[in-house]
Amino acid sequence: MVPLAAKSHRVIMLSKLILGFFATVFTLVTHNALAQDFIESSERPGGIVIVDLGPTGSKLPVASWDSRPVAVIKKNERATAIIGIPLSVGAGEHNVKVTDSNGEQRSVPFNVDAHAYAEQRLTITNTRKVNPAPVDIVRINKENKRLKVVKSTRADQILASDFIWPVAGPVSSPFGLKRFFNDQPRRPHGGIDIAAPDGTPIMAAADGLVVEAGDYFFNGNSVFIEHGLGLQTFYAHMSRIDVAAGERVSQGQVIGTVGATGRVTGPHLHWSVGLNATWVDPLLIIGTDQPPALQP
Ligand SMILES: [Zn+2]
């Protein structure tokens, strides 16, 4: 029989080994600066803008925009900001605030072009999901506060090397549509809808850390995964959740199944990509507009 103390010592040693392994992997991934390689720049509301911040040493500058920290990576000895542009932002010149490693502050301009998104009109039979009851509003307000925290949770290192489609299926509703539910205007579509039958396994689009898994009024069963530097993916309307907050996931790992929970017209996966707590067009990190066949 092994004494308890020896057992816990072994567990600690194993944890250290695992942490050491992850630290090595993260460092390699970060130094390869893969982040920029799988992200496509698109200077429009709902797009991603890649801004050159100039030459840098090993200590990268810190950058923020619209009072939120933005991702900064090193590429070819230069610091590069990767900024998610909200759908609500107008066209024109904007400035990213930069604090260099010596403490000096400066601002770097970037442009956002105008873009017109199409309209979409949907009929929701559960009218309470369009005009919530007072008791629902209490719940929604609580959820919105929680979502703010979830969306601004960020790992200091890039955890992902590339992204895959979370399910195979046609895009039934693209990103950015101006939405009307039962003829009432609501927030624009912050992700893409992928049509797939109820119960279809959903895969993590990339390696990352689950920051939230739970049931939300509009989004139904939802999972948020942080992939580093504030790059997140969000999966909604699931029939089943197979992961919990705090869990590390690998690309392709099944995190749950497609469903029709929350505000929906039928089963599908709503999939969003977030950067600096802002929803951006997921196609900009996937690099193709059609999902590949599901891997066996
Ligand atoms: Zn959707």
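The lining of the largest pocket comprises 17 nonpolar, 15 polar and nine charged residues. In this classification Ala, Val, Leu, Ile, Met, Phe, Trp, Tyr, Cys and Pro are nonpolar, Asp, Glu, Lys and Arg are charged, and the others, Gly among them, are polar. This is a predicted model, in which local features need pLDDT of at least 70 and side-chain atom pairs count only at pLDDT 80 or more, while totals for chains, interfaces and linings use all residues. Residues are numbered from 1 along each chain as its sequence is written, and side-chain values use heavy atoms, with hydrogens and water left out.

The space in the largest pocket is about 1,200 Å³. Of its 41 lining residues, Arg-187, Pro-188, Gly-190, Asn-219 and Trp-279 are the closest to the centre. A pocket here is an open set of points on a 1 Å grid over the protein atoms alone, where a 1.4 Å probe fits and protein lies on both sides within 12 Å along at least five of seven lines; a lining residue has an atom within 4 Å of a point. Grid points are joined across faces, edges and corners, and the volume is the space filled by probe spheres set on the points.

Several elements give two or more residues to this lining, including strand 7 (119-122), strand 8 (171-173), strand 15 (232-241) and strand 19 (278-280). Helix 3 supplies the largest share, six residues. Domain 1 (34-112) and domain 2 (119-286) each contribute at least three residues to the lining; the domain bounds come from an automatic or database domain assignment.

The protein chain as a whole has four helices and 19 strands. These are DSSP runs numbered from the N terminus, helices being H or I of at least four residues and strands E of at least two. Of the 296 residues in the chain, 45% are buried, where buried means under 20% relative accessible area, exposed over 50% and partly exposed in between (1.4 Å probe, protein chains only). Among contacts (heavy atoms within 4.5 Å) with a separation of 6 or more, 67% join residues 24 or more positions apart.

Two loop residues have a backbone feature to check. Glu-77, in the loop between strand 3 (68-75) and strand 4 (78-84), has a positive phi of about 65° although it is not a glycine. Glu-77 counts as exposed because its relative accessibility is 53%. Asp-183 sits in the loop between strand 9 (178-181) and strand 10 (184-186), and this non-glycine residue has a positive phi of about 70°. With 59% relative accessibility, Asp-183 therefore counts as exposed.
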